[in-house]
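Here's a quick tour of a few spots worth a look.

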Amino acid sequence: MTSFSVLVLMKESAAVIHRFAAYYSRIGAAQTVIFIDGPIGSELEAGLDRDLLATQRAELVPCDEAFWAAAPGDRPQDIQDRQRAIYLMGQARCTSDWALICDADEFVIDRMPVPEFLGALPDDVSSVAIAPVEAVWGPGEDINAAFGSTWFRRPDIASSRLEKRLQLRSLWLYGPLGILFRSGILSHAVGKQFIRTRAHFDVIDLHFSTVDGKRLTRRAVDIDPALAQVELAHFDAISFERWHAKSLRRVLHDTRTAMMRRSGRRRLQLRIFDLLRRFGKAGPRWFYRRLYTLTPRQTRLLMQRDMAFQMHLFEDQAPEAAGQSARSRA
């Protein structure tokens with residue numbers, strides 16, 4: 001049976017680490033290598049259950065001074081360069097056939113079991129991208145509950161190029177704030193990749209892998225439409241409180257270089273947040289709801305276009321389904 005590992009670089013709480021490790025253990029990952037972007041501090045260590053992580057085949061690798069001293073090069077200052085360096089080092093650590101490259105807030109939806117999905121790929125495919133779906137809050141859901149949303153919206157791939165450029169469907173669905181959307185969602189519409197662990201790559205990026213400047217990554221749906229059953233749930237906003245703290249940190253502490261690296265839509269989103277935060281939390285809360293929650297009308301219209309669905313992805317969302325994978329709860 002085709003095996004897979006997970007490679008991730010994160011700087012998160014113990015709760016997020018444990019959710020991530022538990023999820024990938026449950027869907028069959030042979031190995032989950034969690035690179036911590038820096039040393040493991042005492043607060044994080046106090047919240048970790050090392051024995052539980054071991055049973056889930058999860059390994060924590062602190063990327064501290066000793067780690068980078070033993071690495072082929074110095075610690076890159078840019079986070080994207082650190083990711084590229086760590087993915088190449090992580091690939092060498094994998095004992096499985098494939099490795100998933102993703103972030104701490106991303107979870108594979110396995111309507112088709114991942115080993116079956118990977119086993120169906122042609123031998124000449126060394127990197128395959130799975131499409132993202134964005135986690136959002138449905139009518140009546142608590143925006144303060146971390147990972148509490150059960151609705152997902154898909155990128156708008158049906159619109160014409162002109163409609164996408166003009167954001168016509170997003171404006172129709174979300175009003176003036178539709179200008180903040182790209183292909184119908186707020187986060188990346190590219191997806192993340194599985195790579196063959198024995199393949200050679202010059203660069204392994206978050207979304208693509210290349211050799212001699214040539215992109216090798218192919219979209220799963222282009223290989224076989226049946227492979228579109230496997231998607232990547234992205235919690236672009238884990239909860240209102242986390243989104244509020246993250247946005248505030250970016251507004252107050254981002255350098256001009258870091259700010260300009262963000263897309264124009266992200267920069268505009270932060271400018272609106274910066275304006276609204278001056279009126280207390282009520283303004284950002286209204287903004288968050290407009291961006292990340294679905295009204296009954298939006299839910300209905302998106303479902304009609306196969307651009308939204310509901311799924312209880314985690315065991316703590318559906319206690320009666322404990323132990324079942326996402327494919328059995330779809």
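Is Asp306 buried or exposed? Asp306 counts as exposed, at 51% relative accessibility; the cut-offs are under 20% relative accessible area for buried, over 50% for exposed and partly exposed in between (1.4 Å probe, protein chains only).

## Ground rules

This is a predicted model, where local features need pLDDT of at least 70, side-chain atom pairs count only at pLDDT 80 or more, and totals for chains, interfaces and linings use all residues. Residues are numbered from 1 along each chain as its sequence is written, and side-chain values use heavy atoms, with hydrogens and water left out.

## Two aspartates with positive phi

Most residues other than glycine have a negative phi. Asp306 has a positive one, near 55 degrees, and sits in the loop between helix H14 (296-304) and strand S15 (308-310). Helices (H or I, at least four residues) and strands (E, at least two) are DSSP runs, numbered from the N terminus.

Asp212 also isn't a glycine, yet its phi is positive at about 50 degrees. Look for Asp212 in the loop between strand S11 (209-211) and strand S12 (214-215). With a relative accessible area of 72%, Asp212 is exposed.

## Helix H5

H5 takes in 15 residues (79-93), which at 1.5 Å a residue should span 21 Å, and its end C-alpha atoms agree at 21 Å apart. That expected span is 1.5 Å times one less than the number of residues. At the start of H5, a side-chain oxygen of Asp78 comes to within 2.9 Å of the backbone nitrogen of Gln80.

The buried residues in H5 are Arg82, Gln83, Ile86, Tyr87, Gly90 and Gln91. Down the axis of H5 they fall within an arc of 165 degrees, so they line one face of the helix; the arc is taken from the directions from the helix axis to the C-beta atoms. Their cover includes strand S1 (4-10), strand S2 (31-36) and helix H4 (65-70), along with strands S4 (98-101), S9 (192-196) and S10 (203-204).

## Helix H10

The 14 residues of H10 (240-253) should span 20 Å at 1.5 Å a residue, and that agrees with end C-alpha atoms 20 Å apart. Phe240, Trp243, His244 and Ser247 are buried in H10. They cover an arc of only 100 degrees around the axis, which puts them on the same side of H10. What they pack against is helix H12 (264-276) and helix H13 (282-292).

## Arg218

Arg218 belongs to strand S13 (218-219) and is partly exposed, at 36% relative accessible area. Leaving out residues up to four places away in sequence, Arg218 touches Asp124, Val125, Ser127, Val128, Ala129 and Ile223, where contact means heavy atoms within 4.5 Å.

Notes. Polar contact = N/O pair within 3.5 Å; in protein donor to acceptor, adjacent residues only side chain to side chain.
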